[in-house]
Amino acid sequence: METLSLDTNEKLNPKDFSSGMEVKWCPGCGDYSILKQVQTIFPDLGIEKEKFVFISGIGCSSRFTYYMDTYGIHSIHGRAAAIASGVKAANPDLDVWIVSGDGDAFSIGGNHFIHLMRKNFDVNYLVFNNQIYSLTKGQYSPTSERGKITKSSPYGSIEEPFNPSELALGAKASFVSRTLDREPKHMQTMLKRAHAHKGTSFVEVYQNCPVFNDGTFFPFSDKETKKEEALFLENGKPLIFGNNEDKGIRLDGLKPVVVDLNSNGFSASDLWIHDENDKTKANLISRFFDAEFNDTFPRPFGVIYAEERPVYEEDMQHQIEEIKTKKGKISLNKILSGDKTWNIL
Amino acid sequence: MNISNELPEKVTTIRQVDKVVVRFSGDSGDGMQLTGMQFTDTAALAGNDTTTFPDYPSEIRAPVGTVAGVSGFQVHFGSTEIYTAGDSFDVIVAMNAAALKVDMPRLKKGGIIIANLQGFDKKNLALAEYPDGVNPLEDSSLENYIVHKVDITKLTKECLAGSGLGMKEIDRSKNMFVLGLLLWMFDKTLDNTIQFIQDKFSKKPEIADANIKVLKAGFNYGESAEIFTTQFKIAPARLPSGTYRNITGNHAAAIGLVAASEKSGLPLFLGSYPITPATDILHDLSKYKGNGVKTFQAEDEIAAICSSIGASYTGSLAVTTTSGPGMSLKTEALGLAAMLELPLVVIDVQRGGPSTGLPTKTEQSDLLMAMHGRHGEAPLPVLAASSPSDCFETVYEACKIAVEHMTPVIVLSDGYIANGSEPWRFPKDEDLASIKVNFLKEANGENGKVLPYKRDENLVRPWIKAGTKNLEHRIGGLEKENDTGNVSYEAKNHEKMTKLRAEKVKRIQSFIPPAKIDNGNERAKLLVLGWGSTYGAIKTAVKESIDEGFDVAHIHLRYINPLPKNLGWLLFGFEKVLIPEMNSGQLLQLIRAEFLIPATGFSKVQGLPFTTAEIKERIIRMS
Ligand SMILES: Cc1ncc(C[n+]2csc(CCOP(=O)(O)OP(=O)(O)O)c2C)c(N)n1
Ligand code: SF4
Ligand SMILES: [Mg+2]
């Protein structure tokens, strides 16, 4: 006998989030993995499908919006964060995701990026960092390293790159994280953490562009180098890395130092314990990127910083509610007449 | 018989006049704007028609006492209908020498000067750059005028001696003395101002009392001082009967938006970045939180318009307000909004440009930018407001068009009408046109397919609120296929879509009123064609010219894109067409291009509105 299912809230599956549009990234592009991980975790977020909104700018990365069967705007270069602010402010019920590239987010959209972090709307901001302008066929970007040879820097870039997590922290981001295309599980965890965080969640995704900047991030994912080069942060756990998990980072005052856990008599209990809520430490971790640390320190991945603080759209709504109860709604006729009128007979 | 030790009774004559222009001028810190506004309110409440023109420097506190620091407030009031702030002044209140220097050239022969004596001391004369030893109050230069030298500073001080207030506060209330004196001069009551002061300083009764005391002292001074022998009476104007209020253009624009939101049932969202002279719309709307209005002060004008585009996607009545430089920043996003075909209202309160130009002065120089200032072909409706109160109707219309035709709409206002005020016979809730909003509720294609660019008979696509179940869809800046909205690079499709977007805007013609003659008749020899804030000056000039026997008519445009259907037909009926504009001939270009007629331009780009005399002179020359 057939039974009628009363469960109308059937769980969605990843396919439900595919728009069916032909995906046009180059073969081997890291963007595929990001799309896959997003579609994989979305059914688990427990959000009604129609609530999701993707806002992207312009770039290979920003095509993302077209591939998700959700609401979305593929907008203009650099402005996704500004459009998303309006979406979230106008309708706080929506689950807003911003997709952007390193040029889109940090160059043309730099102003919107910092102000979004500061304002702290409850949205998720994914930056696909491939350290190159891909859609325009290979110019250096604000995250390209000094000396980078590209079509617009044939003799090497003379620019100092941004350190995105440091930039985000400086702009008062309440959630700063990093993951990479070749670590699907890690990325899924980061995406879920970002979604769970109330406030603007910045997720920097190292993304390989096989056409214009191939292999930049391979040291962080290749079997042979990964353990030495990458540090996967976990809250409450000591900072340990190395081929045999034999290296650790400890704090000597405010100075991070790499220690050998085999010699020197250091053990895990001497190490720096990752505390996502500690901004001072987060600032230090974000700077493992800098030249003075670069050679000996691994690149951190994971949640670098998380902090609960008021979110914009809620404060906006609260203020409206407060004024509504205190002063009440003014009738249209009263607004039209103002306070002072006179009659002419 | 005269008893020698008694003062002779003061004799005051009362003169009936039908209109007067008063110019209040002083340092930015002298409070002349407030004095002028209060005076205007009282005149309006007494039934006079009024038009005002606040004219202030761009620096908040330009060097005290200098010509650059002069802040003026001009009010034209009368017992007949008043359409401009007046070409020249009957009365100047000059708080210092610099103020007199700035305003003298426009004082009518035989006009009245009320000079604040201490503002003409050695220091002030030097600051105003009068030659050493020259004091206009003491030489013969003002022979042909009536000059009242009043030691306002000292009289105010005496009045508040023993009040316990500090020197600074006492000095600050001297504008109330001026106001009291002027109210006496024009035979107005103090009640309205006393009420105003009591409300304004309800938490500081000692300040309120002091201001009222000074106000009364000014009034009594007029009544008793020997030098004031004439009072002027201006009868109430015979305006159409009804209930009136005073309104500035910016406030009218703000409440036009609130009204459109209430009537359409759409939540109002304003994304804006402060810029003179548009900022007051942001200020005003920020006060209507109790009505659910959301104002978002964005990090720049680009974010302002982009946030509004986002809000529009969620089904808000989305607006962005700015002035020329900000308008330039918005152009890329305007292209996006045109491409997305989302409703959006963009208000550009124009000022003198290019660049920072004359930020506090008026100009109509963004018309061609509004018409064409986008990349690619992206025609948009463009509307222009013609007076302070017309900002309400124009903005309301713009909202209606944006929502009903799914398009961004540009509204042009300018510094003159934005800050100027006039009495307004305001409408009631039920008088306002309805605004129809049809959100798509369910899939509009076969098999549950969503077709975001499926158009109705007016080529209007459906508005789909993000968050509606089963209507998930993507929109974007890339060229798209009609109906599905899917990205399409097909050559013919781009041409088709370009034409469709243009035709959609063109068809709005069927929904706007025909152009009509404001004054004069359809077969007049000369037509004066205007748009925007030149309305008052053109109207007055044409009216006066007709009265003097000239064969002239006036048409004023609110809809500049699309133009009213009958405009061409009307224009072809006139022998000559004169187009006065506060730019170098922008509507002129549009009209010539559209109708191939040899219209004549008349430009003024001085940061100042046209005077009636300037336009009249042209009319006479062309007649
Ligand atoms: C206003 C504007 N300026 C420039 C461009 C050209 N443009 C498109 S994408 C892009 C850079 C993209 O780089 P990134 O943001 O890193 O994205 P990626 O393609 O690498 O994913 C540029 C310069 C544009 N579309 N719009
Ligand atoms: S150019 Fe690079 S980033 Fe763009 S789709 Fe191809 S591989 Fe991906
Ligand atoms: Mg890139």
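Tutor: We can begin with chain A, which has twelve helices and twelve strands. Keep in mind that this is a predicted model. Along its principal axes, the C-alpha trace of chain A spans about 95 × 60 × 55 Å.

Student: What percentage of the residues in chain A are buried?

Tutor: Of the 345 residues in chain A, 53% are buried. The term buried is used for a relative accessible area under 20%.

Student: Among contacts in chain A between residues at least 6 apart in sequence, what percentage join residues at least 24 apart?

Tutor: The share is 65%.

Student: Let us turn to helix packing. How are two packed helices described?

Tutor: By the angle between their axes and the distance between the axes. In chain A, helix α1 (residues 31-41) packs with helix α7 (residues 184-196) at an angle of about 55°, and their axes are 9 Å apart.

Student: Why is α1(A) called oblique to α7(A)?

Tutor: An angle under 35 degrees would count as roughly parallel, and one from 65 to 115 as roughly perpendicular. The angle here is about 55°, and that makes α1(A) oblique to α7(A). The crossing of these two helices, α1(A) and α7(A), is right-handed.

Student: Which residues in α1(A) and α7(A) meet?

Tutor: From α1(A) come A:S33, A:I34, A:Q37, A:V38, A:T40 and A:I41; from α7(A) come A:P184, A:M187, A:Q188, A:L191 and A:K192. By class, this contact of α1(A) with α7(A) has six nonpolar, four polar and one charged residues.

Student: Which residues of α17(B) and α20(B) are involved?

Tutor: B:A537, B:I538, B:T540, B:A541, B:V542, B:E544 and B:S545 in α17(B) meet B:T612, B:I615, B:K616 and B:I619 in α20(B). The contact of α17(B) with α20(B) divides into six nonpolar, three polar and two charged residues.

Student: Now some single residues. Why does B:L571 count as buried?

Tutor: Its relative accessibility is 2%, and the cut-off is under 20%, so B:L571 counts as buried. B:L571 sits in helix α18 (residues 567-572) of chain B. Apart from neighbours within four places in sequence, B:L571 is in contact with B:L527, B:L529, B:V577, B:I591, B:F595 and B:I597.

Student: Is B:T35 buried or exposed?

Tutor: Its relative accessible area is 0%, which is under 20%, so B:T35 is buried. B:T35 belongs to helix α1 (residues 32-45) of chain B. With neighbours within four places left aside, B:T35 is in contact with B:F24, B:N175, B:V178 and B:L179.

Student: Is B:S355 buried or exposed?

Tutor: Exposed is used for values over 50%; B:S355 has a relative accessible area of 60% and is therefore exposed. The residue B:S355 lies in the loop between β13 (344-350) and α13 (367-372) of chain B. Phi of B:S355 is near 55°, a positive value in a residue other than glycine.

Student: How do you know that A:Q131 counts as buried?

Tutor: At 7% relative accessibility, A:Q131 is under the 20% limit and so counts as buried. A:Q131 lies in the loop between β4 (124-129) and α6 (164-170) of chain A. A:Q131 is not a glycine, yet has a positive phi of about 55°.

Student: What makes the peptide bond from B:T276 to B:P277 cis?

Tutor: Its omega is near 0°. B:P277 is in the loop between β10 (268-272) and α10 (279-286) of chain B. Another cis peptide bond joins B:N561 and B:P562, with omega about -10°. B:P562 lies in the loop between β21 (559-561) and α18 of chain B.

Student: Finally, which residues are around ligand 2?

Tutor: They are A:W25, A:C26, A:C29, A:C60, A:N130, A:S134, A:Q207, A:C209, A:P210, A:V211 and A:F212. By class, the shell around ligand 2 has eight nonpolar, three polar and no charged residues.

Methods. Residues numbered from 1 in each chain as written. Chains lettered and ligands numbered in written order. Predicted model: local features only at pLDDT ≥ 70, side-chain atom pairs only at ≥ 80, totals over all residues. Heavy atoms only, no water. Axes fitted to C-alpha atoms, helices over the stretch in contact; angles between N-to-C directions. Helix = DSSP H or I, 4+ residues; strand = E, 2+ residues; numbered from the N terminus. Parallel < 35°, antiparallel > 145°, perpendicular 65-115°, else oblique. Left-handed = near helix turned anticlockwise from the far one by under 90°. Contact = heavy atoms within 4.5 Å. Nonpolar A, V, L, I, M, F, W, Y, C, P; charged D, E, K, R; others polar. Buried < 20%, exposed > 50% of the residue type's maximum accessible area, 1.4 Å probe, protein only. Near = heavy atom within 4 Å.
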